[in-house]
Amino acid sequence: MKEYQTITEISGPLVFAEVDEPIGYDEIVEIETPDGDTLRGQVLESSDGLVSIQVFEGTEGIDRKSSVRFLGETMKMPVTEELLGRVLDGSGNPIDGGPEIIPDERRDIVGAAINPYAREYPEEFIQTGVSAIDGMNTLVRGQKLPIFSASGLPHNELALQIARQASVPEEDDGDEDGGSEFAVVFGAMGITAEEANEFMEDFERTGALERSVVFMNLADDPAVERTVTPRLALTTAEYLAFDKDYHVLVILTDMTNYCEALREIGAAREEVPGRRGYPGYMYTDLAQLYERAGRIEGREGSVTQIPILTMPGDDDTHPIPDLTGYITEGQIYIDRDLNSQGIQPPINPLPSLSRLMDDGIGEGLTREDHSGVSDQMYAAYAQGEDLRDLVNIVGREALSERDNKYLDFADQFEKEFIDQGFETNRTIEETLTIGWDLLSMLPKEELNRIDEEFIEKYYPEEQAEEVTAD
């Protein structure tokens, strides 16, 4: 192993050094400062005679007298089932005061792409206990379903609620022999110390930590480390899913901080910027993360992703949500107006979408009437929203009796269906029952998106008699 003292330039999180041998891309580097500290980095670019190195711990203390050693290998994550219940920093080192991790093996954090031919189509329901997701935008095992939020909105509370409540229904049936276990890998990037404390208090208070692996990259940690954290989390998830047969839910927050780190590194490298100053390769970089979700034929486990991002300026045409929307299979919108009304969680079903929902619901998965109830509630709520705009112009008295019922439906839908609080865990049966109770506010003839047999079976009769009498 050669040691160089040939640093030529230090720019932000980057160090440039001259070399006299070929150096591999993504190779791990150790830099020893004159004070005796050893910092780790990664080769970001390698050309003839010159390499650029991104330093994980920041470049403070490094000068031209520092020594550079190339280790000849890429960054690896030590993986083992014993990681469950542990808290690690953004570089994968334990920070929970527990024993040292003894890995079963060390895995390259870049990971191999899943062969498209070996992918199994996602079509099994994951119950989050949140009605606005389970009922209207169902999460399916192996899916990548981002949450689009904005600054000041309670996306962290929703992330914790999902981490705490998410389950695979077949486990709830007591099938201990055949079913796979459920695990959560939680990767936090660029969060404040206050947010980190809230996360850890909630994990410990609810016991969710026992089935979770938590990676914490704080706001005052180097931005470069942020680019590594999600890859460490996903490598851990792939090991638990495809080697240990777990159904793994990966929650990554906040992808906006990750993309800002990419932009900072791109600026330090003096790259030609793309849209709004972000690197032109950001689409490819995000796809490398998101496409690590999925199922593999012949393997019991699965990796499901919920990336959370805060849209700068509440703008969903911003490059981060825009590119994320292209790659992923839908989105869950957190709405500022609903939040200002005190609705928790403030999920707006109208712009939200789960592209794989139709394949993960129905008889044998959730319930036979799920699709019809969801479509009918969506249509009724959309009509109620349109009528709200009209009421602002003409007043409620000018509307017909039918229109007034849709207005009442929209109000009750927000109060009873969406607003459940961050501590309430609803089964899919409870969610659909609430849905039927709300739909019974409308005359039967308005339920044109639900099969007649389901109306006869599930429509609340006492409510039906009242509506008919009216």
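## Packing of H13 against H14

In this predicted model, helix H13 passes helix H14 in a right-handed crossing. H13 covers residues 401–418 and H14 covers residues 428–439; their axes come within 10 Å and cross at roughly 160 degrees. Because angles over 145 degrees count as roughly antiparallel, H13 is roughly antiparallel to H14.

The contact involves Phe 409, Gln 412, Phe 413, Glu 416 and Phe 417 on the H13 side. On the H14 side, these residues meet Thr 431, Ile 434, Gly 435, Leu 438 and Leu 439. By class, the residues of this contact comprise six nonpolar, three polar and one charged.

## Cis peptide bonds

Most peptide bonds are trans. A cis peptide bond, however, joins Thr 253 and Asp 254, with omega at about 5 degrees. Asp 254 belongs to the loop between strand S17 (247–253) and helix H7 (255–268).

A cis peptide bond also joins Gln 344 and Pro 345, where omega is about -15 degrees. Pro 345 is found in the loop that lies between helix H10 (336–340) and strand S21 (347–354).

## Positive phi values

Most residues other than glycine have a negative phi. Arg 276 has a positive phi, near 50 degrees, and is situated in the loop between H7 and helix H8 (282–290). The relative accessibility of Arg 276 is 48%, so this residue counts as partly exposed.

Asp 314 likewise has a positive phi, with a value near 55 degrees. Its place is in the loop between strand S19 (302–310) and helix H9 (319–327). With a relative accessible area of 39%, Asp 314 is partly exposed.

Phe 215 is part of strand S16, which spans residues 212–218. Its relative accessibility is 0%, and Phe 215 therefore counts as buried. Leaving aside residues up to four places away in sequence, Phe 215 touches Met 77, Leu 88, Asp 89 and Gly 92, together with Val 185, Phe 186, Gly 187 and Ala 188, among others. Further contacts of Phe 215 include Thr 229, Leu 232, Ala 233 and Thr 236.

Phe 215 and Ala 237 are separated by 22 residues in sequence, and their C-alpha atoms are 12 Å apart in space.

Key: Residues are numbered from 1 along each chain as its sequence is written. This is a predicted model: local features need pLDDT of at least 70, side-chain atom pairs count only at pLDDT 80 or more; totals for chains, interfaces and linings use all residues. Side-chain values use heavy atoms; hydrogens and water are left out. Axes are lines fitted to C-alpha atoms, for helices over the stretch in contact, and angles run from 0 to 180 degrees between N-to-C directions. Helices (H or I, at least four residues) and strands (E, at least two) are DSSP runs, numbered from the N terminus. Angles under 35 degrees count as roughly parallel, over 145 as roughly antiparallel, 65 to 115 as roughly perpendicular and the rest as oblique. A crossing is left-handed if the near helix is turned anticlockwise from the far one by less than a right angle, and right-handed if clockwise. Contact means heavy atoms within 4.5 Å. Ala, Val, Leu, Ile, Met, Phe, Trp, Tyr, Cys and Pro count as nonpolar, Asp, Glu, Lys and Arg as charged, and the others, Gly among them, as polar. Buried means under 20% relative accessible area, exposed over 50%, partly exposed in between (1.4 Å probe, protein chains only).
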